[in-house]
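Hi,

Here is the structure I promised to pass on.

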Amino acid sequence: WIYMPPPGKTDYISRVEAGDRANVVRHYDATNAAKELRTEKGKGLFYDREWFTDKSYAVFDRPILWFPAKFQLGDSIQEERTYQKYEVDGKVNQGTFKIWQKIVAVETATLTSGATYPNCLRIESMTWWTFADGRKAQSINVYHYAPKIGPVKAAARFIISAPDGKELINRLVETELKKFEPVG
């Protein structure tokens, strides 16, 4: 997976890579953080942990069923989890995570290159992280998943707030599929 960065930006990457265990992949978003996703045959795709750019990671108290084995238009999830965050310096912190996600439409995704991908699932989602130091992070996302390919277009707004509520970061990132090479 190689995605086109926004104009004038070279630091954003979105990709899917094999994980360190069987049936596990890491789905890196536009901030280069990664959702660790695990498949269970007949059950679906589970979101087990999140890897951050500083190499720290958060493990949820129990997995989140991100997509069931069979899904359809209108399916949604709304989950809340506590997590343990394992810092690079060895410290372990606890926080809360919430996710809302819904398959809202089946539509054609048109990329800036002119390429079109019909029958994409349009998935809208929001996530909220509460960190031990009082900071909060929120993301508002729209993904287009093409059949037999995966995400071809994404838009995500990332907001990080200080404990007093003051916004520290508010960034919109839009990425598109540039090249797809099937594995195997």
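How many helices and strands are there in the chain? Zero helices and 12 strands, taking helices (H or I, at least four residues) and strands (E, at least two) as DSSP runs numbered from the N terminus.

Two caveats before the rest. This is a predicted model, where local features need pLDDT of at least 70 and side-chain atom pairs count only at pLDDT 80 or more, while totals for chains, interfaces and linings use all residues. Residues are numbered from 1 along each chain as its sequence is written, and side-chain values use heavy atoms, with hydrogens and water left out.

Of the 184 residues, 39% count as buried (under 20% relative accessible area, 1.4 Å probe, protein chains only). Strand β5 (residues 44-51) is mostly covered, with eight of its eight residues buried.

With β4 (residues 34-40) it pairs antiparallel over seven bridges, where pairing takes at least two DSSP bridges. Ala34 sits opposite Trp51 there, and Gly42 in the three-residue hairpin has a positive phi near 80°. With β6 (residues 57-68), β5 again pairs antiparallel over seven bridges; Trp51 faces Tyr57, and Lys55 in the five-residue hairpin takes a positive phi near 80°.

Finally, His144, in strand β10 (residues 136-146). His144 is buried at 7% relative accessible area, and its side chain makes a polar contact with that of Glu107 at 2.6 Å (N or O atoms within 3.5 Å, one able to donate a hydrogen and the other to accept it; residues adjacent in sequence count only if both atoms are side-chain atoms).

Cheers

Methods:
Buried < 20%, exposed > 50% of the residue type's maximum accessible area, 1.4 Å probe, protein only.
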